[in-house]
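Please look over the structure shown below and keep it in view while reading.

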Amino acid sequence: MNRRGFLGAGLAASLLGGAAGRAEERTPPLRGTGSLGLIVERATGSVLVIETMQRISLGRIEGLGDLSHASIVFSPCERYAYVFGRDGGLTKLDLLEMRIEKRIVQGGNSIGGAISDDGRLVAVSNYEPGGIKVFDAGTLTEVASIPAIGANGLASKTVGLVDLPGRRFVYSLYDAGEIWIAEFGESGAPVVTKFLNVGLLPYDGNVTSDARHYLAGLFGEDGFVHLDLWSANPKVERVLQGYNAGRGKIPVYKMPHLEGWGQTANDLILPAAGQHEALVLDLETMREKKRIPVHGQPIFCVARPDGREVWLNFGHPQNDTVQIIDVPTLEVVHSFAPGPAVLHLEFTPRGHEVWISVRDADRVDVMDVRRRTKLAEIPAQKPSGIFLAARAHRLGS
Amino acid sequence: MRFSVATFAAALLASIVGAAGQSSREKLVSLVREDCGSCHGLTLKGGLGSSLLPGALANKDAGTLTAIILDGVPGTPMPPWRGLISPEDARWIAENLKEGFPK
């Protein structure tokens, strides 16, 4: 266990201590959480609580179940984190006390979640049984369950679940090829709006930070599907179609992810599935602007928070490398190899530093973004996703 | 003397080969759990990809599974691993998936 300072001691007490004297020892010092975050240690079912100003790990919280492909959202107060595990576990963590506040197993096989704009509803996307479940963010009691039965009558896995303003969630049905929006009033059953025939095998989706453009990547056809959510009657529209046409599709050993995607002032920079390319979509015209050759199959294309650069990692077997795309020129301007199996990267809220998980080196690197130099290494057990508490205030995270 | 040197050399060679076999097996286990696991789940119970637990594979023989690993499944995201995984290793993975894959 990584013990540092008061918080670390508090965690140790909470994990090891009995009831007597525990509350006293565990009392955290008065502090904010804006510089805190979590690193998923997927093999061990634990997370590290990190502090980004000191670039340290404060401690580890264990007992979160199967965290393969886990993701995390934060309460508006940034004190609580909701961890979505693969085993259907939904765990609410207290970042200050570094302990599990509440944990439920809500499904059999899950893939991510979202928190509503008012911070009162947490939605979980499920593979098995397919659909979403929505919980009260305070108590984790179930508010609604919406099975994903497509127009073809078959149960579907749900992917690409993100929040929209007005207590709404949007997500895609992988097997059915549909996009659904669930809207929650103050009471009563949610209202579900369905968009049918959006394309084959939507594998992930995300929304732009203005809540205008929802896009899902289509694995079964080369392209993306787009919904303009500012429109009074959003229409299903294919974009970036046929990027594999006329050339072989390179086998995809890992699905690209659209979470934390490459949104810049005018464009979206997106991973191609089956080409070693990043695709640039012009958000004004919704047309392809450029294909940028890159090192491998892109997994994450993450914009620096100011949108000046987009940083990419790659799928197996090119996953030791990170590349940087310069947005004004749309060229790769820098490549480096942090180490074996770079799984994720997360910028600090204003983008001065970036945290990069290097799974097979059991390490997370902290880098100065402008100098592109390493500032610190944080030991971690098979680290995957990195989630900073500032995500609490970002739409669609 | 010459005999014992040869014996020693053979023993040494065997131990090197044995060690390499062991480490490449560890690499295979890690490949399956970590990289196949990105779709099939770290525990192989399934994700976007199907479950690879013995119960889910009962109706497929090891030869069929070996072919799926090497050549993929057209029309699905399962890619062909030929070129990254040898036919022998694919067979070993297939047989062990049916048995219950090592940790």
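Rings of Phe, Tyr and Trp (its six-membered ring) form a pair if their centres lie within 6.5 Å, and planes under 30 degrees apart count as stacked, over 60 as edge-to-face and the rest as tilted. This is a predicted model, in which local features need pLDDT of at least 70 and side-chain atom pairs count only at pLDDT 80 or more, while totals for chains, interfaces and linings use all residues. Residues are numbered from 1 along each chain as its sequence is written, chains are lettered from A and ligands numbered from 1 in the order in which they are written, and side-chain values use heavy atoms, with hydrogens and water left out.

Q: How many aromatic pairs does the structure hold over all chains?
A: A pair of aromatic rings is described by the distance of the centres and the angle of the planes. Counted over all chains, the number of aromatic pairs is 7.

Q: Is W81(B), which pairs with Y253(A), buried or exposed?
A: The rings of Y253(A) and W81(B) lie 4.4 Å apart centre to centre, with 55 degrees between the planes, which is a tilted pair. Buried means under 20% relative accessible area, exposed over 50% and partly exposed in between (1.4 Å probe, protein chains only). Y253(A) has 12% relative accessibility and so counts as buried. Because its relative accessible area is 4%, W81(B) is buried.

Q: What kind of aromatic pair do W92(B) and F101(B) form?
A: W92(B) is buried at 15% relative accessibility, and F101(B) is buried at 10%. Their ring centres are 5.9 Å apart and their planes make an angle of 75 degrees, so by the cut-off of over 60 the pair is edge-to-face.

Q: Which residue is the bridge partner of V49(A) in strand 3 of chain A?
A: Strands of a sheet pair through backbone hydrogen bonds, either parallel or antiparallel. For V49(A), the bridge partner in strand 3 of chain A is G59(A).

Note on methods:
Pairing = 2+ DSSP bridges. Helix = DSSP H or I, 4+ residues; strand = E, 2+ residues; numbered from the N terminus.
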